[in-house]
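Open the model in your viewer and keep the selection panel handy. We will go from one stop to the next, chain by chain.

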There are 4 protein chains.
Amino acid sequence: MIGKTFDELTVGDTAEFAKTISESDVYSYAGITGDLNPAHVNEAYAEKTFFKTRIAHGMLVGGLISTVIGTQLPGPGTIYMKQSLSFLAPVKIGDTITARVTVLEKLPEKGRIRLKTTCINKEGAVVIDGEALVSPPRPAKA
Amino acid sequence: MIGKTFDELTVGDTAEFAKTISESDVYSYAGITGDLNPAHVNEAYAEKTFFKTRIAHGMLVGGLISTVIGTQLPGPGTIYMKQSLSFLAPVKIGDTITARVTVLEKLPEKGRIRLKTTCINKEGAVVIDGEALVSPPRPAKA
Amino acid sequence: MIGKTFDELTVGDTAEFAKTISESDVYSYAGITGDLNPAHVNEAYAEKTFFKTRIAHGMLVGGLISTVIGTQLPGPGTIYMKQSLSFLAPVKIGDTITARVTVLEKLPEKGRIRLKTTCINKEGAVVIDGEALVSPPRPAKA
Amino acid sequence: MIGKTFDELTVGDTAEFAKTISESDVYSYAGITGDLNPAHVNEAYAEKTFFKTRIAHGMLVGGLISTVIGTQLPGPGTIYMKQSLSFLAPVKIGDTITARVTVLEKLPEKGRIRLKTTCINKEGAVVIDGEALVSPPRPAKA
C-alpha cells in the first residue's frame, strides 16, 4: 500500500478518476462543509440564476483531484502540499466529471513533483484547471 | 437572499465559520470523492505514518473556505473563480477548524475581489493558507 | 403493511423505539436541515457553554417520536396532524434515548387519537415531553 | 458567534431559510430516526396512498424551523424550550420549502421570546404552522 516514489515518476505520467456527481453527493457535501448556499440546495432559487439549476460546489468537484493524487498518482504516502484551482464552468447535478492528473515537472532538490490537475465534463470541457505540488512517498527502507 | 455587492465590500472585512471535523465527516467525504487513501480511512495504516493517526482530507478542510464565501462573504450570488491552497499542517479527526476569509483587494476593472483564505486549528496554527478570487453578486436591478 | 385503526386502539396502549444518538446522526442531521449551530458541531465552542459539550438537535431527538407513530402506534397509514414538544433536558452525543408513545384519548367525532409523547434518557429523565394528534389508518375495505 | 439578545429582538423581526428537500434528505433522515414508514421510503406503497408518491417526514421539514432559530433568529446561544407544529399539507420529494420565523411577543419576566414558525412551499401554501418559545442568548459580560 505505497504509491510511486520520486524515482518511479516520469514527466507525462497520467491518471484519472471519474464520477457522476449525484444530488446526494451535493447534499451530503453541503452538510459536511456547512455550505448550504442556495445555488447548491435550493432549486426554486437556482432556477432564477444564470445557471438555471442547482450546481455542485466547486470544491467538491476539485476534491476528485485529491482522489487521483492520494490513491493513484503518486498514491498512498504522498504529502499534498499545494493546490491551485480555477473554476471555469459550472457542474450540474448529474454531470459526469473526470479528474485527470499529469506529472508536469520533477523538482529533484526537495524531491517534489509538480502536477497538472484538471476536471473535465462528458462534453470534454475543462470545468476546473490547476496545478498541485506534492511530495511523493519515500522508498521503503532496504 | 443576496450577498454583499462589490460596493458593499471593504478591504479588511472578515467572516468565519468553525466546525469540529468528525469521523463521519471524513468518511462521508471519502465516499463522495472516492478518496479512500488509507491515511484517511485506515487507522492501522495511519498509526505507522508520520502523523500517527487518520487525518482529514485537505480538500475537505479547504471546503470550509467555500462555506464562508458562499454563505457570508460575499455570500449568495457570488461566483467563485479561483482558489489557491497551501496545506501547512495536518487536521486530525476531532480537531476544530475555523475558516477565515478577509477582503485583501478590490479590483474595480472587472468588479472582482481578492480574498485571503485561511483555516486555523484550536491551538491557533494555520493549517491551510491561500487566496481566492471571486465575482461578488450584482446589485438587484432598480 | 397497515397500522392500527381507530377501533383497534385503546387508551393506554404504548409503544417505544430507542436509539443511541451518534455523532454521525447529529452531523448528518445538521447537513439535512442546515442547522450547523455551533452547539451541535463545534466542540471548542460547546466546551464553553452551559452544557460543556456538543448536544443533539432537539428536533432530531423529537423525530424519534414520529418513528414510533409512523411505524408502530398507530403505524403505517397514520396521518400525523399535530405535535407539541417541550425540550426539558439536553441530549449529548452518545446518549441513548427512548421515545415512548401512549394513547391518551380517542376522539370519535373525527376519528382522531390524542397521544402522549415523551423521550427519556438512560437515567430515566424525560428530555422531551409533549402530545401528538393523529388520524389512524382507515380499515381496509371489505 | 452569539445570536441576538432579548434587548436586540423586536416584535416583527423575521428570518428565513429555504431548501429543496431531496430524496437523499428523506432517506438519510429515515436512517437517523429509524422512521422507515413506507409513506417515506416505499414508492410502490406510496403510489397507492392519498398523496400518490413518497412524502418527506413532517418532523424533517419542521427541523428547518430549528435551523432559523439556532443560526439566525435569535441564533447561537439560544435555548430552545418549546415547539408546536400543525402539519397542514404534504411535502413531496423535490419540493422547495422556506422556514420562516417571526418574533410574536417578548416576555420580559423570564426573558423569553414567543415566535411564529411556519414552513411554506414554492406555491405559497403553509405546510407547517406553529409556535416556538425560546430563551435568547445572554449579553456577553462587560
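How many residues of chain D are in contact with chain C? Select both chains: 35 residues of chain D touch 35 residues of chain C, where contact means heavy atoms within 4.5 Å. This is a predicted model, in which local features need pLDDT of at least 70 and side-chain atom pairs count only at pLDDT 80 or more, while totals for chains, interfaces and linings use all residues. Residues are numbered from 1 along each chain as its sequence is written, chains are lettered from A and ligands numbered from 1 in the order in which they are written, and side-chain values use heavy atoms, with hydrogens and water left out.

Stay with this pair. Chain D and chain C bury about 3000 Å² between them, 61% of it on carbon and sulfur atoms; buried area is the accessible area (1.4 Å probe) that two parts lose on being put together, summed over both. Salt bridges between chain D and chain C number zero, counting a side-chain nitrogen of Lys or Arg within 4 Å of a carboxyl oxygen of Asp or Glu.

Now select C:Met59, C:Gly62, C:Gly63 and C:Ser66 in α4(C), which meet D:Met59, D:Gly62, D:Gly63 and D:Ser66 in α4(D).

Finally, move to chains A and B. Here 35 residues of chain A are in contact with 35 residues of chain B, and the two chains bury about 3000 Å² between them. In chain A, highlight A:Ile32, A:Met59 and A:Phe87: these lose the most area to chain B, together 22% of what that side buries. Across this interface of chain A and chain B, the rule finds zero salt bridges.

Conventions. Helices (H or I, at least four residues) and strands (E, at least two) are DSSP runs, numbered from the N terminus.
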